[in-house]
Amino acid sequence: MEFPSWKKEFSDEPIIVAFCCMYCAYAAADAAGSMRLTYPPNVHVILVPCSGRVDELFVLQAFENGADGVYVAGCEEGSCHFVNGNIRAKKSVGAVKKLLSEIGLESERVEMFHISASQGGLFAKVAREMTERIRSLGIIGWNKS
């Protein structure tokens, strides 16, 4: 997967990357927009066919390319359109959390959320909360230009 560079030149705002499944979380992001709910502009949404398709390497590459925090948002547990993709994503996020801890970064920089398509309000809330969490942890030093 090819990622844009999110390296910061003039901003002290953290960059958050949100991998969102197309059936639920991405639809929730769209619903948030339709409802005119706001969430921080530093959250960059990436559409994926299923949260289970988000490999650990994709999350790590997002950090390498300038993200200060990453979350994966998929269907609610038990209602994945691809049966168990969201369970696979949850395991991948757990593996990345462990790896971040091992290399000296806070495991809280990565998270998994379950958001249904009708939960635009929850999507906006998660985006705001994740941004606040990463602000409190601080920007990753190597991500500054």
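A nonpolar core is a set of buried Ala, Val, Leu, Ile, Met, Phe, Trp, Tyr and Cys residues joined through side-chain atoms within 4.5 Å; buried means under 20% relative accessible area, exposed over 50%, and partly exposed in between, with a 1.4 Å probe and protein chains only. The model on your screen is predicted, so local features need pLDDT of at least 70 and side-chain atom pairs count only at pLDDT 80 or more, while totals for chains, interfaces and linings use all residues. Residues are numbered from 1 along each chain as its sequence is written, and side-chain values use heavy atoms, with hydrogens and water left out.

**First stop: the cores.** Select Val17, Phe19, Val54, Val59, Val70, Val72 and Val110: these have the most contacts inside the largest nonpolar core, which has 20 residues. Colour β1 (16-21), β2 (43-48), α2 (56-64), β3 (69-74), α3 (85-102) and β4 (110-114) next, as each supplies at least two residues of this core. Helices (H or I, at least four residues) and strands (E, at least two) are DSSP runs numbered from the N terminus. Another core, of 16 residues, lies apart from it and includes Ile16, Val43, Ile115 and Met130.

**Second stop: Arg109.** Go to the loop between α3 and β4, where Arg109 sits. Is Arg109 buried or exposed? Arg109 counts as buried because its relative accessibility is 3%. Its side chain reaches the backbone oxygen of Leu137 at 3.5 Å. Leaving aside neighbours within four places in sequence, the contacts of Arg109 (heavy atoms within 4.5 Å) include Phe63, Asp68, Met130 and Ile140.

**Last stop: Leu47.** Pick Leu47 in strand β2; at 44% relative accessibility, Leu47 counts as partly exposed.

Definitions and conventions
Polar contact = N/O pair within 3.5 Å; in protein donor to acceptor, adjacent residues only side chain to side chain.
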